[in-house]
Amino acid sequence: MRAARSAQSSYKEVTDLKIAVLVSGGGTNLQAIIDAIENKTITNTEICLVYSNNPNAYALERAKKAGIKSVCKSPKEFENREDFNKALLQILKDADPDLIVLAGCLVVIPDIVVKAFEGRIINIHPSLIPSFCGTGYYGLKVHEKALERGVRVSGATVHFVDEGTDTGPIILQKPVMIRQDDTPEVLQKRIMEQAEWKILPMAIDLIANNKVQIRGNKVFIEGYEEETVF
Ligand code: GRF
């Protein structure tokens, strides 16, 4: 699936996939995307917008340095959640992306956005879904829970976003081994380095190059082999 333009791609020249990247914090995943576009690990892709709900997100600085348009709107600026949700939808519609990438975005994406961009939103989650995911599993909490449970392997998952929390079709996963002396912070960093910063750019490149198809609740990738990711 080449996002919204799959029907045209057979007779039209492939143009760049426009992506909007939604962030809330440090933006290291955003940086991985920017770098991958720069060094051509991701092809046929341009970032049309970085959105943050948090005015203090360092991700906004990264966007500025890379010359990418950014918008910051916090739910706190609105009287109620519905008004914020409508504003977020309008921001995204104005940017008109082919794909929305949730890269450490702590805002719960409202159903009106999921519906408007059905099959065109992806998220990076720092565990091997369906472990350690769903409501309440974000940031360091994911890694705290994994260590608490004593699992030997964790990792990261890139998946399409549907109306549930971390329930959409899985695109890519990469495992990361757990060490006995790991702390949540150390594990978080290793999962970012070894998994997130690799599979998120890879998933975008696959989508940009028409290699990803959703069939039911599963994703099929043209030319996929274990070695694609490991
Ligand atoms: C990442 O661990 C991501 O998986 C999670 O939030 C973190 C964001 O980090 N959803 P960054 O802002 O990309 O540095």
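How many bridges join strand β8 to strand β9, and do the two run parallel or antiparallel? The legends below take up this hairpin and then other parts of the structure. The model is predicted.

View 1. Strand β8 covers residues 212–215, and strand β9 covers residues 218–221. Four bridges join them, and the strands run antiparallel. Arg 215 has Lys 218 of β9 as its bridge partner. Two residues lie between the strands of this hairpin. Gly 216 sits in the turn, with a positive phi of about 65°.

**View 2. Pairing of β1 with β4.** Strand β1 spans residues 17–23, and strand β4 spans residues 99–102. The two run parallel and are joined by four bridges. Ile 19 stands opposite Leu 99 of β4.

View 3. The loop between α3 and β4 contains Asp 96. Asp 96 has a phi near 55°, a positive value in a residue other than glycine.

**View 4. The shell around the ligand.** The ligand is surrounded by 15 residues. The closest are Gly 26, Thr 28, Asn 29, Gly 104 and Pro 126. At least two residues of the shell come from each of α1 (28–38), β5 (121–125) and α6 (184–208). By class, the shell holds six nonpolar, eight polar and one charged residues.

**View 5. Packing of α1 on α6.** Two of the elements that supply the ligand shell, α1 and α6, also pack together. Their axes are 9 Å apart, at an angle of about 50°. That angle makes α1 oblique to α6. The crossing is right-handed. On the α1 side, the contact is made by Thr 28, Asn 29, Ala 32, Ile 33 and Ala 36. On the α6 side, it is made by Met 192, Glu 196, Trp 197, Leu 200, Pro 201 and Ile 204. The residues of this contact divide into eight nonpolar, two polar and one charged. Thr 28 and Asn 29 belong to this contact, and they are also among the residues closest to the ligand.

**View 6. Packing of α5 on α6.** Helix α5 covers residues 140–149. Its axis lies 9 Å from that of α6, and the packing angle is about 110°. The two helices are therefore roughly perpendicular to each other. Helix α5 passes α6 in a right-handed crossing. From α5, Leu 140, His 143, Glu 144 and Leu 147 take part. They meet Pro 184, Glu 185, Leu 187 and Gln 188 of α6. By class, the contact residues of α5 with α6 are four nonpolar, two polar and two charged.

View 7. Ile 129 and Pro 130 are joined by a cis peptide bond. Its omega is about 20°. Pro 130 lies in the loop between β5 and α5.

Definitions and conventions. Residues are numbered from 1 along each chain as its sequence is written. This is a predicted model: local features need pLDDT of at least 70, side-chain atom pairs count only at pLDDT 80 or more; totals for chains, interfaces and linings use all residues. A residue is near a molecule or strand if its C-beta atom, placed from the backbone, lies within 6 Å of it. Ala, Val, Leu, Ile, Met, Phe, Trp, Tyr, Cys and Pro count as nonpolar, Asp, Glu, Lys and Arg as charged, and the others, Gly among them, as polar. Axes are lines fitted to C-alpha atoms, for helices over the stretch in contact, and angles run from 0 to 180 degrees between N-to-C directions. Angles under 35 degrees count as roughly parallel, over 145 as roughly antiparallel, 65 to 115 as roughly perpendicular and the rest as oblique. A crossing is left-handed if the near helix is turned anticlockwise from the far one by less than a right angle, and right-handed if clockwise. Two residues are in contact if their C-beta atoms, placed from the backbone, lie within 7 Å. Two strands pair if DSSP finds at least two bridges between them.
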